[in-house]
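Here are some friendly notes to read with the model open beside you. Take the points one at a time and look for each feature as you go.

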Amino acid sequence: MNTQTVAQLRGAGKQRGAIQALAEVDLTIAAGEVYALLGPNGAGKTTAISLLLGLLRPDAGEARLFGLPPQDLAARRRIGVMLQSAGLPDTLTVAELLAQVRSYYAQPRSLADVAALAGIEPLLGARYAQLSGGQQRRVQFALAICGRPELLFLDEPTVGMDTESREQFWRTIRELVAGGCAVVLTTHYLEEAEALAQRIGVLMLGRLVAEGSLDAIRARVGQRQIRCVSSLSAEQVRAWPLVQSVQREGERLHIVTPQPEPVLRELLAADAQLRDLEVQRAGLAEALQTITREAA
Amino acid sequence: MTTTTFDAIARRSLALEARLEFLRLLRTPSFAVPALAFPVLFYLLFGVLLAKPGSAMRVAQYLMATYSVFGVMAPGLFGFGVGVATERDKGLLALRRALPMPPLNYVGGKLAMAMLFAAIIVTLLCITGATVGAVHLEVTQWLSLFVLMVFGALPFCALGLLIGSFVNGQAAPAVVNLIYLPMALLSGLWFPLNLLPLAIQKLAVLWPAWHLAQLGLAATGQGGEGSVAAHLLYLAVFTVAVGRWAARRLQREP
C-alpha cells in the first residue's frame, strides 16, 4: 500500500441481515483529498463508512486505516468522526464534552482553537440539552476536529443546519483541507459534494458504480441542457432530431440533448424572438440520475 | 486480534471519563435523588422510627446492613442498565467506538462512577445508623462494611450491563425496576426472610443481593447464613460470568 493512502476498502463485502449491503467495493482515499460518497438511501454509504471506522467487520475483503486494521487504536487516533446521529450526554456542558474527546488524542487542538473553528465559543458553558439542533451539530463537528485528525469522517454533516451555518461549515472544511486533512463525506445535498469534493464515488445497491473527479462524473452524462424563452411549443421541438426531452416551465423551454449545436441552429431559425438562451452541461444531480438508472 | 492499549493517554482519559460519568448522573435528578436519598429515608422510616423498642433482633443494625445492599445495587443497575441502553439507542456507543476512545474507558468510567456512588450511599447509611440508629460497631466492622459494599456494587454493574445490552432506552428503567425491587424483597433486604414462605427462603441463594446481604450481616457481627467464602465465590463468579456475557453481546455487530 502506498504511503499516500489514508483509508482503503479492498474487495469489501458485507451482509446486513438478508441484504447484501456492500459487495466487492474497492475504494481508496488519498492523503489530503475530499472524497464524497453519494447514492440513494440504502445504497450502502453508512455500511462503507462503518467498515472504514471499524464499527463493522467485512465478510469479504478488508478495510484499512493508515495501513492498519480500523480497530487498531493507533490508526483511530489519526481520525475524527461525525456520525449521522449521536445523542451526546444531555447533562454535560459543551466544554466537558470537548475535554472528554480531546483526552482521547495525544496532541489535541486547544479548547479555544476548536471553539473558534467550529464557531461555538459562546456555547462552551451551556449544557448540551439546552442547544438547538444546529448548535448541537456544530458541537459534534467540534468533537470531530478536536484531535487534529489527518482524516475526517463526516456522515451527513449539515443535516439540520441553516444555509448560513452550512456555508460557514464549508469554509471551515476547506481551511482544514488546506492544512492537509483528508475528508470522507456522505451527503444528500449534491451542492455540498460539488462545493467540497475533489473525488466522488457513487454507490448503488451496495456496489460502487462510478468513481472519479467531479468533472469526470459530470462527463458521464453526455447531455446538455438548453434553456430559453420561446413561443415554440414543446410538442413542436420534441419532433426534431437529437432532442431527448422538452419541458415547458412558464414561458421557458427546457430541452435536453446529447448534441446541442444542431438543435440550437433549428431553434434560432424557427423562433426569431427567442431570448435568454443558456446552454449547460448536466449537473451532478442529472449525472447521478443517469448513472443510477444505468446501474439499476 | 487487537491488543488493549492502556498507555498514558488512556490513563489520563479514564480519570476524566470517570469524573464526567459521575457528574452526568449527579445532574440527572431521576437517578441521583432516588439513588442517594431512598436508602437513607427507608432506613430512617423502617429501621429507626417504626422499629419496636426492645425487639429481639436489633432492627436498626440488621437494616443498616441490608439497606446498604439495597443502596449499592442502584448505581450499578441504573447507571449501567439505563445508561448503556440509552447510549446504544442514541448512537453514542457507536460514536465512542469510532472515536479513539481507549477500550477500557467505557466500562471503566462507569465502574468508577458506580463505586463512588456506592461509597457515598454506604457512608450516609453508616452515619445515620451510628447516630439516630444508635448502632455500635468496632472500627474494623465499620470499615469492612464500607469496603464490602463499595466492591459489592460490582455484581450489579455486571447485571446492569447485561440488561443494557438487551433492552432499549425506553424500556430500560421499567426492566431495571422489575429486577431491582423484587430482588430486594426476595433477598430479605427490607425485612428478614423468615417472615416469608419457606419456598422463597429456599430460592434466596439464587440472588446476588442475598449473598451480599449475608456478607454485610457477617461483617457487622450479626452472623448471616452460610460461609463467607461461599458468598464471595458466588459473587465473583456471578460478576465475571454476567459481565463477559454482556461484553460479548455488546461487541456483536448491530
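The points below go from chain A as a whole, to one of its helices, to its interface with chain B.

1. **Before you start.** This is a predicted model, in which local features need pLDDT of at least 70 and side-chain atom pairs count only at pLDDT 80 or more, while totals for chains, interfaces and linings use all residues. Residues are numbered from 1 along each chain as its sequence is written, chains are lettered from A and ligands numbered from 1 in the order in which they are written, and side-chain values use heavy atoms, leaving out hydrogens and water.

2. **Chain A overall.** The C-alpha atoms of chain A fill a box of roughly 70 × 45 × 35 Å along the principal axes. Its secondary structure comes to eleven helices and 13 strands; these are DSSP runs numbered from the N terminus, with helices being H or I of at least four residues and strands E of at least two.

3. Of the 296 residues in chain A, 54% are buried, meaning under 20% relative accessible area with a 1.4 Å probe, protein chains only. Chain A exposes about 12800 Å², and carbon and sulfur atoms supply 48% of that area (Shrake-Rupley method, 1.4 Å probe).

4. **A covered helix.** Have a look at α1(A), residues 45-53: eight of its nine residues are buried. Among them are I49(A), L51(A), L52(A) and L53(A), and K45(A) is buried too. After the helix comes G54(A), with a positive phi near 80°.

5. **Meeting chain B.** How many residues of chain A are in contact with chain B? There are 32, and they touch 29 residues of chain B, where contact means heavy atoms within 4.5 Å. The size of an interface is often given as the accessible area lost when the parts come together. Here the buried area is about 2800 Å², with carbon and sulfur atoms giving 60%; this is the accessible area (1.4 Å probe) that the two parts lose, summed over both.

6. **Charged partners.** The rule finds two salt bridges across the interface, each a side-chain nitrogen of Lys or Arg within 4 Å of a carboxyl oxygen of Asp or Glu. One of them joins D7(B) to R77(A), with the closest N and O atoms 2.8 Å apart.

7. **Who supplies the surface.** On the side of chain A that touches chain B, β1, α2, β5 and α3 of chain A each supply at least two residues. The helix α3(A) gives the most, with four residues.

Key: Buried means under 20% relative accessible area, exposed over 50%, partly exposed in between (1.4 Å probe, protein chains only).
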